[in-house]
Amino acid sequence: MTDLRTLLDNGLRPGVYRWRAQQDSADEVRRTVAAAGWNFVLLDTTRISDKAGFLDVCATAFDLPRWFGRNWDALADSLSDRSTGEPEVVLWEGWRDLLDRDHDTVDVALQIFGEDAKESGQLRVLLREADDVPDLVSDLPVV
């Protein structure tokens with residue numbers, strides 16, 4: 001049992017978290033999440049540098065409809081629309097790189113994810129811990 005499996009078995013609450021597990025690959029995380037019976041989304045923004053790229057990655061990662069408008073309101077609405085209430089883990093890889101390139105995009109995305117987690121009770125967004133803790137994420141709970 002990994003640390004993540006323990007978190008899931010203990011009923012990780014909806015929200016946005018900094019996650020300390022550095023060693024698990026995205027595929028290992030996917031398998032652990034699936035074994036626990038939860039849904040999984042990999043949001044990889046490692047090569048993304050701006051809002052447009054981020055929204056494109058979201059469209060694919062969350063399997064958003066073709067009419068997804070690629071703006072912040074559309075992202076919030078689309079996440080809400082796809083909510084099933086079933087627990088879902090979103091592993092956000094590359095958030096730290098994107099933060100260096102486009103602080104505002106990460107800031108707004110965190111707000112949208114946090115609001116959706118609170119309202120839908122579905123999302124558990126994990127930001128893999130970076131070598132540093134930027135101010136923007138310093139208040140997020142660590143798991």
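Author: Arg 70 is partly exposed, because its relative accessible area is 40% (under 20% is buried, over 50% is exposed and partly exposed is in between, with a 1.4 Å probe and protein chains only). Arg 70 sits in the loop between α3 and α4, and its phi is positive, about 55°, although it is not a glycine. With 67% relative accessible area, Asp 63 is exposed.

Before going on, please keep in mind that this is a predicted model, where local features need pLDDT of at least 70, side-chain atom pairs count only at pLDDT 80 or more, and totals for chains, interfaces and linings use all residues. Residues are numbered from 1 along each chain as its sequence is written, and side-chain values use heavy atoms, with hydrogens and water left out. Helices (H or I, at least four residues) and strands (E, at least two) are DSSP runs numbered from the N terminus.

Leaving aside residues up to four places away in sequence, Ser 78 touches Leu 64, Pro 65, Trp 67 and Phe 68, where contact means heavy atoms within 4.5 Å.

Rings of Phe, Tyr and Trp (its six-membered ring) pair if their centres lie within 6.5 Å; planes under 30 degrees apart are stacked, over 60 edge-to-face and the rest tilted. By this rule there are five aromatic pairs. One of them joins Phe 54 and Trp 92, with centres 5.5 Å apart and planes at 45°, so this pair is tilted. Phe 54 belongs to helix α3 (residues 51-61) and Trp 92 to strand β3 (residues 88-93), so the pair ties together parts 38 residues apart in sequence. Phe 54 is buried at 0% relative accessibility, and Trp 92 is buried at 0% too.

Phe 62 and Phe 113 make another tilted pair, 6.0 Å centre to centre with 50° between the planes. Here Phe 62, in the loop between α3 and α4 (72-82), is linked to Phe 113 in helix α6 (residues 103-120), 51 residues apart. Both of these residues are buried. Phe 54, Phe 62, Trp 72, Trp 92 and Phe 113 form one aromatic cluster.

What lies around these rings? The largest nonpolar core has 32 residues, and among those with the most contacts inside it are Leu 43, Phe 54, Phe 62, Trp 92 and Phe 113. Such a core is a set of buried Ala, Val, Leu, Ile, Met, Phe, Trp, Tyr and Cys residues joined through side-chain atoms within 4.5 Å. Elements giving it two or more residues include β2 (39-44), α3, α4, β3 and α6. The largest share, six residues, comes from α6. Leu 43, looking beyond residues up to four places away in sequence, touches Phe 54, Phe 62, Trp 92 and Phe 113, among others. A second, separate core of 14 residues includes Leu 12, Trp 19, Ala 21 and Leu 126.
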